[in-house]
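Trainee: I have a new structure to read. Can you walk me through its features, starting with the pocket?

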Amino acid sequence: MAASSKVIVSLVLCLMMAVSVRSQLSSTFYDTTCPNVSSIVHGVMQQALQSDDRAGAKIIRLHFHDCFVDGCDGSVLLEDQDGITSELGAPGNGGITGFNIVNDIKTAVENVCPGVVSCADILALGSRDAVTLASGQGWTVQLGRRDSRTANLQGARDRLPSPFESLSNIQGIFRDVGLNDNTDLVALSGAHTFGRSRCMFFSGRLNNNPNADDSPIDSTYASQLNQTCQSGSGTFVDLDPTTPNTFDRNYYTNLQNNQGLLRSDQVLFSTPGASTIATVNSLASSESAFADAFAQSMIRMGNLDPKTGTTGEIRTNCRRLN
């Protein structure tokens, strides 16, 4: 190989290595530029929960829906504007809330570290705090994401599972985004150990059960739900009827007892022959097993195609491009 060719190859390899290093997320990313970011986010989340016990569930849902569409880049937060068609028009984002909490966090962070911390990282940090403030186990959040300058409405339509999905459809979505269709799927579904759903998303399961993969809801529980839903299809019901505001393994024991509120939850345990059944049983048996599995899967999800380096931007307003 000619000397000039060797030099070119060497330069290309060095550039590839530099890009790889620059593109890696790190738990210490803000140590010098915004060292108090974690405590700032935690403080705002704690305050939000004092007036809204759904605050944690709202933030973690935003993080999930962000990461499942072109990676964790804050695109779910963008509203319609010049050149942007918001992802919020997708059915899977119907009724999604929590933007006021994100705005409060962003304002608090910008007051201390202007132009430094991305909205995507705020969602990642807020999700960890949502769990720990509900008595769950935390994890080390990897940081350094930048915010997207685009949104993908069609991607949101295609990749956000509905409450009515079969197990095979949900597994396909997880595989498509790069997550495991058993361990990650079952662990991350455990986020439904808190939060609420509206009657319109499960009322069809209360009086009939046409799907072979969806066990009938426990009769006593179904009777309670029927009574609650008489108030209207928009009535909110706790996803976990046992410990609705605590982040624990009861989500899985609910599935074992045919008390999964949504079809998309119950099919993890009720689909005949599914590999997810053993995983549900495993996580139902141990708080530490659930906590560890959830933390590992959250880290994997948070690593989905982040924008780093000079890609994207650091939004000053999470709802709009700079």
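This is a predicted model: local features need pLDDT of at least 70, side-chain atom pairs count only at pLDDT 80 or more; totals for chains, interfaces and linings use all residues.

Trainee: Which helix gives the largest share of the lining?

Mentor: Helix H3 does, with six residues. Other elements that supply at least two residues include helix H6 (153–159) and strand E1 (196–198).

Trainee: Where does the largest pocket lie relative to domain 1 and domain 2?

Mentor: Look at who supplies the lining. Domain 1 (36–159) and domain 2 (179–300) both give residues to it, so the pocket lies between them.

Trainee: How many disulfides are there?

Mentor: A disulfide is a pair of cysteine sulfur atoms within 2.5 Å. By this rule there are four. In one of them, Cys34 is joined to Cys113, with 2.1 Å from S to S. Cys34 sits in the loop between H1 and H2, and Cys113 in the loop between H4 and H5, so the pair ties together parts 79 residues apart in sequence.

Trainee: Are Cys34 and Cys113 buried or exposed?

Mentor: Buried means under 20% relative accessible area. Both Cys34 and Cys113 are buried.

Trainee: What is the handedness of the disulfide of Cys119 and Cys318?

Mentor: Check the torsion about the S-S bond. For Cys119 and Cys318 this is about -95°, so the disulfide is left-handed. By contrast, the link of Cys34 and Cys113 has 80° and is right-handed.

Definitions and conventions:
Residues are numbered from 1 along each chain as its sequence is written. Side-chain values use heavy atoms; hydrogens and water are left out. Helices (H or I, at least four residues) and strands (E, at least two) are DSSP runs, numbered from the N terminus. Domain bounds come from an automatic or database domain assignment. Buried means under 20% relative accessible area, exposed over 50%, partly exposed in between (1.4 Å probe, protein chains only).
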